[in-house]
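These are my notebook entries on a structure that I looked up for the first time. I begin with the terms and then proceed from the core to the helices.

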Amino acid sequence: MAPSTVFMEPDNLLTPKEKNKLRKPVVEKMRRDRINSSIEQLKLLLEKEFQRHQPNSKLEKADILEMTVSYLKQQSQLQMKTAGSFHKSSQFDFREGYSRCLQEAFHFLSLHKVRTETQTKLLSHFQKSQAAATEVALSPGNPSTSKQASPKAASPLWRPW
């Protein structure tokens with residue numbers, strides 16, 4: 001067999017259309033390799049989840065993608081539920097803390113024998129606030145039972161200045 005010589009045309013002799021024809025298969029292969037690599041990474045990341053649903057089956061790429069979408073939806077719903085319960089818990093903690101703070105301030109002010117006009121007004125304000133906080137604390141998740149006073153009907157906020 002005689003050696004053959006392959007004649008390659010320099011780049012400047014190829015038209016842009018010919019360059020694209022030569023480049024297209026290489027670019028397409030790189031794209032497919034990226035897709036396959038990402039699917040394989042998903043498979044490795046969610047391997048335990050896949051084993052739970054389909055323990056002894058060879059997964060096709062479409063199966064991996066479908067199960068990943070399903071898993072992400074499930075995690076998203078779980079996260080939303082957790083965030084909602086955290087929000088309710090933090091509201092309850094705030095109410096409890098506020099009520100406790102009012103009790104402490106009321107106790108401190110009531111210890112002193114000397115009553116100034118400011119102290120009397122402040123004690124009266126705290127008693128009203130404590131009654132409202134207790135009422136809200138007794139009905140934490142039920143907005144229909146807690147009294148929502150309009151701003152015009154509520155007494156103005158007392159300030160000592």
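Predicted model: local features only at pLDDT ≥ 70, side-chain atom pairs only at ≥ 80, totals over all residues.

I count a contact when heavy atoms lie within 4.5 Å. I looked up L59 and found that it touches F50, Q54, I64 and M67, leaving out residues up to four places away in sequence. I take buried as under 20% relative accessible area, exposed as over 50%, and partly exposed as in between, with a 1.4 Å probe and protein chains only.

Residues are numbered from 1 along each chain as its sequence is written, and side-chain values use heavy atoms, with hydrogens and water left out.

I read helices (H or I, at least four residues) and strands (E, at least two) as DSSP runs, numbered from the N terminus. The chain has 4 helices and 0 strands, in the order α-α-α-α from the N terminus on. Of its 161 residues, 12% are buried. Among contacts with a separation of 6 or more, 38% join residues 24 or more positions apart. I record an accessible surface of about 14,100 Å², 60% of it belonging to carbon and sulfur atoms; the area comes from the Shrake-Rupley method with a 1.4 Å probe, and for residues only the protein chains shown count as cover.

I take the expected span of a helix as 1.5 Å times one less than its number of residues. Helix α1 (residues 16–45) has 30 residues and should therefore span 44 Å; its end C-alpha atoms are 42 Å apart, which agrees. In α1 I also found a kink of about 35° at R23, shortly before the proline P25; the bend is the angle between axes fitted to the seven residues ending there and the seven starting there. For α3, 51 residues should span 75 Å, and the end C-alpha atoms are 74 Å apart, which agrees.

In α3 I found I64, M67, T68, S99, L102 and L109 buried. Why is T68 counted as buried? Because its relative accessibility is 7%. Beyond its neighbours within four places in sequence, T68 is in contact with L42, L46 and F50. I next looked up Q119, in helix α4 (residues 117–138). Q119 counts as buried because its relative accessibility is 10%. The C-alpha atoms of Q119 and L109, 10 residues apart along the chain, are separated by 7.1 Å.

Entry 6, aromatic rings. I found 1 aromatic pair. F94 and Y98 form this pair, which is stacked, at 6.1 Å centre to centre and 20° between the planes. Rings of Phe, Tyr and Trp (its six-membered ring) pair if their centres lie within 6.5 Å; planes under 30 degrees apart count as stacked, over 60 as edge-to-face and the rest as tilted. F94 and Y98 are separated by about one helical turn because they are 4 residues apart in helix α3 (residues 61–111). F94 counts as exposed at 58% relative accessibility, and Y98 as partly exposed at 39%.
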